[in-house]
Amino acid sequence: MEVDDPETLLEASRKGSTQAFAVIVRQYQSRVRAYLARYVRDRNAVEDLAQDTFLQAYRSLSHYRAESSLGVWLIGIARNVALMHVRDQVRRRHRESEVLQSALGRWLTDAIERDASQLSDREQTLTALEKCLDELPEHSSQLVENYYFKGRSAAEMAREQGKKESAIGMMLLRIREILGRCIRTRMAETGASA
Amino acid sequence: MSPEQIRDLWSRFLSGGEISAEDQQALVDALDADAELRESLLENLQLDGMLQAMNTTRRQGEGFVRNLTECMDVEHDGTRFVQKVELRLNEPPPPPPSNGGTGRRIKPPTARAFRRRPAGSTGETAWKPALIAAGVFAAICLLVLASTHPTPAPIVRERTRPEKNLEPRDPVMPEAPPLPAPAPDATKRRPEETPSAPLVAPRFPDPKPELRPVPSPVEEKRPDLPGPKAVVKTEVLPVNSTIVENFSGNVYLAKSRSDKPRARKGDVVPLNVDVETPGTSSMAFLRFDDNTWVEVGANSSFREVQGSGAPGGRRVLLNTGTLLSHIEKQPADRPMVFATPNAEAMILGTTVRLTVSHDSKLGTTLEVREGKVLLTRLLDKKMVEVVTGQFAVVASAGSDLVPQKSFPNEVLVKFGPSDIALKAGWVLDSGDEFDPARGYGWVGPKDGPPVPGLFWRNPGTGQQEQKRAGRFATRRINAPGADPLKTTDVVAGWAGQTETWRMPVPNGRYLVSVCCGDITYEQGPHHVAVEGIQIINERKNKAGEFVEIKDVPIEVKDGELTMIVGGNPGQRKSSDGSTDTLINYLIIKRIDPRKK
């Protein structure tokens, strides 16, 4: 299917065209996945939750009233899915006495709950991140490319650069801080909050 | 632990490095104490996740779409079959043979009804639903038989006969009968699917049963396929389709005091059955057929009184406890109603999110996070509209029933002059009188009347001046590296009097943190009491020291958090003879009302 008009795609999806819905999935999966990955560290779980999100959306298409954009609606579903998952993880971690993971779950739960009023902003965060990545200095950009997109480990890069692994970790942390500031600035320019 | 150490540990944590239990605890404590740093590091973690997700989308995006589409195709085929059956079964019943126009209710065309009807007493169309039902049932039976057919002979023979008798074609053991031909729709199924459940939409492989989506009504009834009667009515038209989607702790579905089975995930919650959640860690997550959901908090009792199809719309009752709900758009003529023993909240908006809590002593608190709700106090039928960002408390008749600005989960109040730079998330208090629009403030004018007999020497003028009641904000000398939260304050109780600070909040439990002190001089004795609890009592600080009290639990029962600052009952004084209470900041954190 070559149509990419959301209205047409939605109409066809409501009538049962999975191909039309597949086009929607192609358009929005990166945003949904990125949103889920904000709160869920396990990559496999993110994959599963993304599937859950789209399946729930497919089953609930009749409820979508276009009061918000399709992307925001999908992020809303992803938020519910993520919230349930994180809450479940918190209970499990609590039982297993994993102090940091348990606290992280608690903080993330709070963060997801706060997201309720910022779904539109959240939907735009990925776009802002992509633009901010383009603005990184060459060395930082290379580090991000190797670590995140080429799958090189911090240990491997440390060996190559004659540094400690922890130093690479700190460099990545600082790059993310730069990206965070850049995203906030960009979002503020558009009147949104990061 | 310094911020740099914290960041180092965090970096190790994100890289998957080992962190000792002690370091974990220290990291958690440090981040719990510093909200700003915590938010910053959480943002860092979120960016880490987003970057990883970008990579996954690049590499596996198309495979993800293919897999999902395949699953939707399978699900769609199953759903179409179910819809077809439903359509046929929902055909209108035949006209009454002859009831003389009395309007007598026609008995539904159940199998029993057909059996009792004398032959030839109805027209040909009367048999259509039964024939369809019988056909469907026959198909089901055949498929069930096929899937549950005993395992072929050799295994049974091994256990029951001596080995020497094990022959390929033992005359004692009959050959397995041929499998029945699949029903027409079964040909659309994937090869690995069992044909034993033809009425169930084939499910996408679900690795997390706790997150499974709302089962269709048909699926809920699948295990019981006793006979034609079930196929005709019970299978496709359940009375209620609200389900327990998730839960923790002890959750019961109480039909009566003696009949209260434990809830399980996926259980259907019938109308007028109490969902009970005894215990502080209990919670039930219920989802209705229109995707509206309710999270019933700890120590609560909840009941769905009537479903969305009822003339008055869906009606639920919270007998006690707390719930959080997200309500999807309801039919205009059938608004959903949340009732408690002393109040009713009618949903007016399209999508509404709210929390309701009821306590026999505190009354009902309704908070609307999104949408519009009409709240009625049952005792005197007084009504008020509560909209996004507001809450209202329904207590006894005669008390105020006024929507108030809602309370966020955390309020950070910095005391100081009006021109100070605030950190993100903080609000300023310069000692001004309470303002409903601002939502907090002090009782009485900032500049109070002169206090007889109390004088001080004004360093600006060098003159003796009479002290005045009230409050004033100050900025202390900003020492290098000083915590900006502590370099300004509001002085209250300067003349030995008490000053009252107030903020309307929903009834419930809170954690309160307060800081008093002065970076430049010895001050005090400081006095701070919140909701009757003396958090700081006669504490003095030396120059540069602070009295910081963190997370004191308090309970608000009158819809307003009240803090009394100052006073000097012990008549103690600082070395310079002053008795001021200097308050630097106040933090109020709400304890989730769903966790009692």
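This is a predicted model: local features need pLDDT of at least 70, side-chain atom pairs count only at pLDDT 80 or more; totals for chains, interfaces and linings use all residues.
Local features were considered only at pLDDT of at least 70 and side-chain atom pairs only at pLDDT 80 or more, whereas totals for chains, interfaces and linings use all residues; side-chain values rest on heavy atoms, with hydrogens and water left out. Residues are numbered from 1 along each chain as its sequence is written, and chains are lettered from A and ligands numbered from 1 in the order in which they are written.

The secondary structure of chain A consists of nine helices and zero strands, where helices (H or I, at least four residues) and strands (E, at least two) are DSSP runs numbered from the N terminus. Along the sequence, chain A accordingly reads α-α-α-α-α-α-α-α-α. Of its 194 residues, 55% count as buried, a class defined as under 20% relative accessible area, with exposed meaning over 50% and partly exposed in between (1.4 Å probe, protein chains only). Among the contacts in chain A with a separation of 6 or more (contact being heavy atoms within 4.5 Å), residues 24 or more positions apart account for 60%. Chain B contains eight helices and 28 strands. In chain B, 47% of the 596 residues are buried, and residues 24 or more positions apart contribute 57% of the contacts with a separation of 6 or more.

The interface between the chains brings 71 residues of chain A into contact with 66 residues of chain B. The area buried between them is about 6700 Å², of which carbon and sulfur atoms give 58%; buried area is here the accessible area (1.4 Å probe) that two parts lose on being put together, summed over both. In chain A, the residues losing the most area to chain B are R41(A), L100(A) and W107(A), which together represent 11% of what that side buries.

Eight salt bridges are found across the interface of chain A and chain B, the criterion being a side-chain nitrogen of Lys or Arg within 4 Å of a carboxyl oxygen of Asp or Glu. One of them links E4(B) to R174(A), with the closest N and O atoms 3.9 Å apart. Between chain A and chain B, 18 residue pairs, both members at pLDDT 80 or more, are in polar contact. A polar contact is a pair of N or O atoms within 3.5 Å; within protein, one must be able to donate a hydrogen and the other to accept it, and residues adjacent in sequence count only if both atoms are side-chain atoms. On the side of chain A that touches chain B, at least two residues each are supplied by α2 (18-39), α3 (43-59), α4 (70-96), α5 (99-114), α6 (119-134), α7 (138-149) and α9 (165-189). The most is given by α2(A), with 13 residues. By class, this side of chain A has 32 nonpolar, 15 polar and 24 charged residues, with Ala, Val, Leu, Ile, Met, Phe, Trp, Tyr, Cys and Pro counted as nonpolar, Asp, Glu, Lys and Arg as charged, and the others, Gly among them, as polar.

Within chain A, helix α8 (residues 154-161) has A154(A), M157(A) and A158(A) as its buried residues. These residues lie on the same side of α8(A), because they cover an arc of only 105 degrees around the axis, the arc being that of the directions from the helix axis to the C-beta atoms. The buried residues of α8(A) pack against α7 and α9 of chain A, while R159(A) and E160(A) are exposed on the other side of the helix. Just after α8(A), G162(A) adopts a positive phi of about 65 degrees. Elsewhere in chain A, D52(A) is located in helix α3 and is buried, at 8% relative accessibility.

In chain B, W442(B) lies in strand β18 (residues 441-442) and is buried, with a relative accessible area of 0%. The side chains of W442(B) and D429(B) are joined by a polar contact of 2.8 Å. W442(B) and E499(B), 57 residues apart in sequence, are 7.2 Å apart in space, C-alpha to C-alpha. A further buried residue, H326(B), has 15% relative accessibility and belongs to strand β7 (residues 315-327). The side chain of H326(B) makes a polar contact of 3.5 Å with that of E328(B). Residues up to four places away in sequence aside, H326(B) touches T292(B), W293(B), T351(B), V352(B) and R353(B).
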